[in-house]
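Have the viewer open and follow along.

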Amino acid sequence: MIFSAFERMVATRYLRARRREGFISIIAWFSLLGIALGVATLIIVMSVMNGFRAELMGRILGLNGHVGIYAPVGGLTDFDALAGKVRQIPGVVRVTPMAEGQVMVTSSAGTAAGAMVRGVRPDDLLAKGAVMNGIRDGNPKDFHGDNAVIIGYRLAEKLGLRVGDPITIISPKGNVTAFGNVPRLRAYRIVATFNVGMYEYDSSFVFMPLDAAQVYFMLPDRISDLQVMVDDPEKVGDVVDVIGNITDGKLRIYDWQHANAGFFNAIQVERNVMFLILTLIILVAAFNIISSLIMLVKDKGRDIAILRTMGATRGMIMRIFFISGAGVGVIGTFAGVALGLAFALNIEKIRQFLQTLTGRDLFSAEIYFLSQLPAKVDPWEVLTVVLMALGLSFAATIYPSWRAARLDPVEALRYE
């Protein structure tokens, strides 16, 4: 639609209401503000939801793998041969043998906490980007031998331990003696601490060389599971089918989608509900545009009649009021996009500033699992929000514009 300079000039003049029409102008400004806040809030919330999903997926899968292969009972035997077959499957990036178990850890000061011990080969641990990129203290190259461990930094803080200190690991599956079942315990040396940014892992995970873990958990020549990483996590089902054929269905196979289905589905449902609720903010602002334009049409009845008698067509009148309403929607939408993107891209800095200002922890890692507030802006979602806001704004101008175009100039001048 092409608008003439005259139509744009009249529409702009109507938006800059004089004292007599001040109330109408206030409604228009509130409509603009409502659309801007609605668009900005929608972009921020969608970005935070996307960030949560991406961060949780990256951290969970960075430590657990996309597919887990488990023996029904007693652990996996001849696991290197099976790992070699799985590595040949198209799409498989890495296969990590692992021996793991629940334990209790204590410090020399007597502080205790529950933990998960994972035995992995040093080369496999060095290949885990989530752990290696999160090393805070110590040297991961010292991760070898039968008494070295790497623990989460929050677990170290909880126990009051540092790199080089001993940590005692106690297994509930103890040794059978003449006096009954005695818990198995042994002291290890902390060679490094890590921070993957996820509270659950940083406060409870202990990594141990695979050979030492097999000895500690009494799994000679066996492991508890194989963790498989693939190049495309969304197509993990194809790899699972091939692994099932290789193992003849004798082993338990879990992929990340099934293991964490409830968690990620809850995020998706919450994301969709928030999108629907926040869209109502924009819809309410669009109704404000309708009300302000209807009042503007009523107030400008004499002006419309004069324009019609001077030769203005109904189409021109309709376009003038369309520009007035659409201008509010366009300005509000793009102001909201600018505000939303600025907030989403700096949300962690804003959180830290507000946290310093209020003196309160606004994003507790114990509750939200992550130590930082994530945000990931999706350009397609931003485009969807913009088109939706513009569509609602333009739709809101149709009826008032049509009503202005249908106004009878004789009737308007008579009542004036």
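Arginine 118 counts as buried because its relative accessibility is 8%, under the 20% cut-off for that label. Its side chain meets that of glutamate 100 in a salt bridge, 2.9 Å from N to O. Glutamate 100, at 23% relative accessibility, counts as partly exposed. Keep in mind that this is a predicted model. The two partners sit 18 residues apart, with arginine 118 in strand 4 and glutamate 100 in strand 3, so the pair links distant parts of the chain.

Side chains of opposite charge can pair when their charged atoms come close. Searching the whole structure turns up 3 salt bridges. Another one joins arginine 121 and aspartate 80, at 3.1 Å from N to O. Here the link runs from the loop between strand 4 (112-120) and helix 4 (122-126), where arginine 121 sits, to aspartate 80 in helix 3 (residues 79-87), and the two are 41 residues apart. Arginine 121 is partly exposed at 28% relative accessibility, and aspartate 80 is partly exposed at 41%.

Then there's arginine 186 with aspartate 146, whose side chains meet at 3.7 Å, N to O. Arginine 186 belongs to strand 8 (residues 180-194) and aspartate 146 to the loop between strand 5 (135-138) and strand 6 (148-152), so this bridge ties together parts 40 residues apart in sequence. Arginine 186 has 33% relative accessibility and counts as partly exposed; aspartate 146, at 46%, is partly exposed too.

Now for the inside. The largest nonpolar core has 47 residues, and Val86, Val105, Ile167, Ile169 and Val206 have the most contacts inside it. Strand 3 (residues 92-106) gives the most to this core, with 5 residues. Apart from it lies another core of 23 residues, including Val45 and Leu390.

Serine 171 lies in strand 7 (residues 166-177) and is buried, with 3% relative accessibility. Beyond its sequence neighbors up to four places away, serine 171 touches Val103, Pro183, Arg184 and Tyr216.

Finally, the surface. Ile26, Phe30, Leu33, Leu37 and Leu339 form a nonpolar patch there, with about 470 Å² of accessible area together. Helix 2 (residues 22-64) supplies the largest share, 4 residues. Isoleucine 26 has its place in helix 2 and is partly exposed at 44% relative accessibility.

Note on methods:
Residues are numbered from 1 along each chain as its sequence is written. This is a predicted model: local features need pLDDT of at least 70, side-chain atom pairs count only at pLDDT 80 or more; totals for chains, interfaces and linings use all residues. Side-chain values use heavy atoms; hydrogens and water are left out. Patches are made of residues with over 30% relative accessible area and no salt bridge: like charges are joined within 9 Å, nonpolar side chains (Val, Leu, Ile, Met, Phe, Trp, Tyr) within 5 Å. Accessible areas come from the Shrake-Rupley method with a 1.4 Å probe; for residues, only the protein chains shown count as cover. A salt bridge is a side-chain nitrogen of Lys or Arg within 4 Å of a carboxyl oxygen of Asp or Glu. Buried means under 20% relative accessible area, exposed over 50%, partly exposed in between (1.4 Å probe, protein chains only). A nonpolar core is a set of buried Ala, Val, Leu, Ile, Met, Phe, Trp, Tyr and Cys residues joined through side-chain atoms within 4.5 Å. Contact means heavy atoms within 4.5 Å.
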